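Visitor: I have a protein chain to look at and some terms to learn. Can you walk me through it?

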Amino acid sequence: MRMSQLFSQTLREAPAEAEVISHRLLLRAGFIRQLAAGIFTSMPLARRSLNKIENIIRDEMNAIGGQEMTMPVVHPADIWKETQRWYQIGSEMGRFKDKNNRDMVLAMTHEEVVADLVRKEVRSYRHLPRLIYHIQTKWRDDPRPRAGLIRVREFTMKDSYTLDADWEGLDFQYRNHYQAYFNIFNRCNLPVIAVKSDVGMMGGKMAHEYMYLTPIGEDTLLLCDKCGYSANRQIALLKKEAPPEEKMLPVEKIATPDCKTIIDLANLLDVPESKTAKAVFMMATIPEGMETVEKFVFAVVRGDMEVNETKLANAVKAKELRPATEEEILAVGAEPGYASPVGLKGALVVVDDLIPQSPNLVAGANEEGYHLRNVNYGRDYTADIVTDLVSAQEGNICVRCGGKYREVRGVEVGNIFKLGTRYSDSMGCTYLDKDGQEKPVIMGSYGIGSGRCLACVAEEHNDELGLKWPISVAPFQVHLVVLPGKNDQKAVQTADQMFVNLSQAGIEVLYDDREESPGVKFNDADLIGLPLRITVSDRMVKQKSVEFKLRNSDEKETIAEGDAITKVKSEITRLEAEIKNKVVEVPFKD
RNA sequence: CGGGGCGUGGCUCAGUCCGGCUAGAGCACUCGGUUCGGGUCCGAGAGGUCGGCGGUUCAAAUCCGCCCGCCCCGACCA
């Protein structure tokens with residue numbers, strides 16, 4: 001490709017709205033342009049890199065038996081109503097009506113379409129197992145798109161779906177994906193870890209997320225360096241140490257004016273925060289058949305811990321949770337700042353499982369300015385649900401080995417889900433097994449965002465001059481720069497010829513044939529960040545030589561003109577081998 | 001959805017507080033010349049409904065109201 005013909009330009013300055021490095025560099029280097037919040041165009045450079053990423057994905061999916069297909073972006077709402085997700089998912093779903101006033105959905109994912117296909121195509125155990133996938137546009141009207149390509153509303157995802165006759169089959173395909181995903185990210189030279197995760201709106205049994213660790217990430221992860229346990233904070237378990245046993249003391253009402261926070265309370269009474277009970281009020285939207293009901297949820301955790309909203313939502317099977325308003329709190333007989341589980345009416349009480357083991361806590365009195373001492377679960381109040389409700393944090397004890405957790409941030413670049421029969425049941429996907437028995441098809445679903453992957457690679461590989469693409473993801477392999485000098489076409493002729501020769505040798509070349517000064521050309525080359533650079537200058541062609549440079553190194557090497565192709569080829573081979581070495585077996589961790 | 005910020009030519013920004021002549025600068029773009037290994041230099045040009053609508057005023061980029069868009073923090077999120 002001649003740069004004089006390329007449909008995009010580099011920018012000397014990044015647009016003001018770009019903050020994170022990948023966003024700034026992808027804009028400046030001319031890879032992407034924004035159309036609206038969370039909606040981007042992939043320019044030719046980005047498209048080429050995305051093609052490389054997607055081809056790596058294809059390669060790895062095909063290697064585990066995947067069959068590529070394409071499913072529609074626009075769906076009739078009917079199938080989403082069948083699985084209830086039409087009702088369960090809120091404003092994040094893109095909905096519109098067609099000309100006949102029929103409800104339509106913009107695909108957020110494709111379980112419904114797959115399930116519809118399965119019930120029509122799969123009749124017999126002979127049709128199983130299968131692995132199908134596509135690379136297709138998704139629309140999720142995210143409330144807050146941000147950070148360039150990291151979090152967008154329209155995006156492209158590879159999503160694959162496994163169809164199995166039994167749970168062992170699902171297990172096998174799940175593990176195949178587990179490894180294939182590591183292969184994919186390693187081949188993109190993107191370091192990731194797999195963590196256990198919440199099943200969220202997908203429903204299902206087990207899920208892992210593939211996380212690229214970076215401070216700009218939006219997910220908080222807990223890692224145990226001792227045993228390797230890793231999980232998204234949303235579901236991370238932790239070891240809670242039960243306090244020493246105490247005799248239950250009689251409840252005692254005490255005046256605690258202006259004492260609305262746990263810290264105030266602990267200070268005033270001179271007790272540790274772990275001797276208090278913290279109350280959190282939420283309104284939960286809970287699906288009941290086709291309808292939803294709003295319930296007031298009163299959650300209780302120990303004062304030294306935080307409520308985990310994902311765990312709470314899962315405990316009460318809520319589709320949505322929001323903080324309750326003051327009026328709603330008063331309506332159930334609680335007092336904001338002085339709330340207590342003792343003597344509540346009409347609330348769903350959910351208590352962390354450490355609370356019943358923690359005797360003689362200080363809790364609110366449901367009366368402004370008063371708390372109760374020596375409140376004990378079982379004697380003074382009971383809960384509708386007792387379960388793990390708290391968020392794991394830096395320094396907490398590992399649930400597996402007793403080590404200490406470390407907290408890091410990450411971007412989710414992929415995920416794998418064991419769906420089980422959630423969709424098969426609601427959409428009637430059954431097959432006949434060998435005994436003629438009708439059984440549900442067991443499904444799995446697996447996603448990778450290709451644009452997000454590109455952004456993460458850009459986020460990982462850059463320096464103060466610009467991008468530094470791994471050879472496997474670079475839009476071109478070689479940046480060919482010509483510096484013509486004055487009144488002499490010799491360099492241009494040599495470079496033109498080299499462009500032809502390299503291209504004919506199957507090498508992908510971006511040829512900067514523009515009439516620009518050397519400084520501009522070098523800076524653009526560094527900004528765009530192709531792994532190899534060849535400079536053909538007036539000065540050097542006189543000695544029949546050219547300059548070779550790696551983006552990743554400051555060294556410049558003078559080589560004979562005639563050796564250029566050999567040199568480029570061997571360097572590409574070397575860089576590709578480096579990447580290949582990163583592809584290794586990863587032990588499965590559940 | 002809550003909090004904050006911003007919106008002036010393709011990009012970065014000044015001007016807005018305190019209303020007043022043809023609305024400015026740098027970069028990018030076009031033309032001419034110059035330079036030629038790290039964002040050359042000189043000259044000439046083209047390009048703007050000052051986000052939109054309404055109001056106040058002799059006069060609005062500037063003041064007031066409503067709306068829209070974009071960014072950041074939070075809530076949310078396969």
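Visitor: Which residues touch the most other members of the largest nonpolar core?

Guide: Keep in mind that this is a predicted model. The largest nonpolar core has 61 residues. F31, Y181, F185, L190, Y210 and W469 touch the most other members.

Visitor: Why is this core said to lie between domain 1 and domain 3?

Guide: Domain 1 (20-218 + 408-459) and domain 3 (476-580) both give residues to the core, so it lies between them.

Visitor: What does W469 touch?

Guide: A contact needs heavy atoms within 4.5 Å. Leaving out residues up to four places away in sequence, W469 touches L26, F31, L454, V457, A458, A474, P475, I528, G529, L530 and P531.

Visitor: How many residues of domain 1 and domain 2 are in contact?

Guide: 5 residues of domain 1 contact 6 residues of domain 2. About 490 Å² is buried between the two domains. On the domain 1 side, Y87, Q88 and D198 lose the most area, together 75% of what that side buries.

Visitor: How many salt bridges cross this interface?

Guide: A salt bridge needs a side-chain nitrogen of Lys or Arg within 4 Å of a carboxyl oxygen of Asp or Glu. Between domain 1 and domain 2 the rule finds 0 salt bridges.

Conventions:
Residues are numbered from 1 along each chain as its sequence is written. Chains are lettered from A and ligands numbered from 1 in the order in which they are written. This is a predicted model: local features need pLDDT of at least 70, side-chain atom pairs count only at pLDDT 80 or more; totals for chains, interfaces and linings use all residues. Side-chain values use heavy atoms; hydrogens and water are left out. Buried area is the accessible area (1.4 Å probe) that two parts lose on being put together, summed over both. A nonpolar core is a set of buried Ala, Val, Leu, Ile, Met, Phe, Trp, Tyr and Cys residues joined through side-chain atoms within 4.5 Å. Buried means under 20% relative accessible area, exposed over 50%, partly exposed in between (1.4 Å probe, protein chains only). Domain bounds come from an automatic or database domain assignment.
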